[in-house]
Structure formats: structure tokens, C-alpha cells
Amino acid sequence: MISFRVPELNILSLVMVSSPPEAVDTPESSALAILYLDHRQSLQLLLRDLNISEYELSPSPSLMLTPTAISSKAFETSYISENPPILINVPPLTLPNSEATDGKSSFNGGLLIVGGKKLLLFEFTSREFQRKHHKKLRKQDVKKSANGKDKAKAEIEDKESSKTRIKPTASVAWPWGEVTAYVLCLSDDTNCELDLHLSNRCCQANKEGTRYFIGDAYGRLAILSLDSLYDQGLILMPLG
């Protein structure tokens, strides 16, 4: 059994994500996405690089996603403990884009946050961004492992970053009840089984990872589609 300790408390959702090995010149190819409430009861999202061979989580947030506060308009913190939101890992995709030269654009992969008044999508940073900022991140980690002024400065910078709020890549309103149900789809996309579960509230609806089934406590089901992300944004299609 491997044990990790993170500084984040009041963790609401965790999900493992993978970055391409060529993204940065480091042994870390995985990261842990963490959705949590901070000491101000503000909803926060960040990733920490995971080095499984060394059993280590990075002391600084991963370069795959800029740490961000999540708007309270999308997730009311007073209800979060009763109905915590859930993180969904979205794989890298090639999607239609009418404004692109060849009619297609690459989506770097990202995270969906489900369970509030809105469904939010955050895209991971590009490989170029990660390469550019890699050295700066390592310097930050060295400061945190030191003592004195450098460590204090690094901790202050971390606190300031928790106030940052980046705009979601896309969002769509969720007009129904609290998300408590999911549809379990087998390997054959046409063979689906309805199930109810309190902790698994959605699932991938196709092998490409562009569509997800989501349901609420009253039995309403919808498909969330990323197929036309660049042209039309997130599309929510009710079923039945």
C-alpha cells in the first residue's frame, strides 16, 4: 500500500490524469487532479504531478493546468458537502473546427466538473507551455524544500495562486436536479445498462470520449457532447 500526503484538506473529488511522455522532459507522466474546499470555503481545482516510481507527489501544482478557484455561481458551497461535485478526465481529442486551416483542432485533454448548476470544462495546457515553464516550476520546488526567506516566499506565492480564477474552456447550464445517477455503458456502445449509484454519477458514452451520460435524482438522463466543442461549445441533449 502506497501512502501520499497532500496539503489540500476537505477533498471532494480525485481523478488520475496522464500527460504525453514528450510533454516535458521529466519522468512524471501522470498527475492527480484534486477538487477541494480551502479554508475560505472556496472551491479550488489543481493538479499535482505524480512520480509513481519514487512514490512522490510534486510540492508545486502541475503545469498541466493552472490552479483555479471555481465560481460559487456554478457550485453553491453550502450544498457541496451533501452533493459533492465530481471530476471527469477527458482524453486528448481531435475535433472539427470551422476556423482551422484543415478543419480540425487538437484538444489537449482536460477535466469536466459535474454536479453544480453548470457543467464546466477545463482544457490542459499545451506541451509548449509545459516545456517553457518547466524550469521555473523546479526552482519553485527547490525553494519549498529550503528554509528561511526562500521557503516563505514560495509559500506566499502559493497562497496568491489560490486566488486565481481562470475561465473554463466551455460550460453549459445543468437545468435539472442534483446529479446522482449514471449509465454504465459496456464495450459495445449500443449495449447500455441503467444503474443508480451515489458516487459514480456519469460515464463515458463512446470510446472516443466525446460524449458522456449524466443523470439526476429524478431519473432524467442527458448526453453531454464535446463533438462540436470549437464550433458550438458543450451541448447537452436530454433523453426521453
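Mentor: In the protein chain, 55% of the contacts between residues at least 6 apart in sequence join residues at least 24 apart. Please keep in mind that this is a predicted model.

Trainee: Noted. How many helices and strands are there in the chain?

Mentor: The protein chain has four helices and 17 strands. Of its 240 residues, 45% count as buried.

Trainee: What about β3, is it buried or exposed?

Mentor: Strand β3, residues 43-51, is largely enclosed by the rest of the structure, because nine of its nine residues are buried.

Trainee: Which way do its residues point?

Mentor: L43, L45, L47, D49 and N51 point one way from β3, while Q44, L46, R48 and L50 point the other way.

Trainee: And how many bridges join β2 to β3?

Mentor: Eight bridges join them, and the two strands run antiparallel. I34 stands opposite L46 in β3. The two strands form a hairpin with five residues between them, and Q41 in that turn has a positive phi of about 60 degrees.

Trainee: Which residue is the partner of N51 in β4?

Mentor: The bridge partner of N51 is E56. β3 and β4 pair in the antiparallel sense over two bridges.

Trainee: Changing topic: which residues touch the most other members of the largest nonpolar core?

Mentor: That core has 22 residues, and V90, L119, L121, L224, L226 and L234 touch the most other members. Its largest share, three residues, comes from β6.

Trainee: What does V90 touch?

Mentor: Leaving aside residues up to four places away in sequence, V90 touches several residues, including F107, L112, L121, Y212 and L226. There is also a second, separate core of 21 residues, and L43 of β3 is among them.

Conventions:
Residues are numbered from 1 along each chain as its sequence is written. This is a predicted model: local features need pLDDT of at least 70, side-chain atom pairs count only at pLDDT 80 or more; totals for chains, interfaces and linings use all residues. Side-chain values use heavy atoms; hydrogens and water are left out. A nonpolar core is a set of buried Ala, Val, Leu, Ile, Met, Phe, Trp, Tyr and Cys residues joined through side-chain atoms within 4.5 Å. Buried means under 20% relative accessible area, exposed over 50%, partly exposed in between (1.4 Å probe, protein chains only). Contact means heavy atoms within 4.5 Å. Two strands pair if DSSP finds at least two bridges between them.
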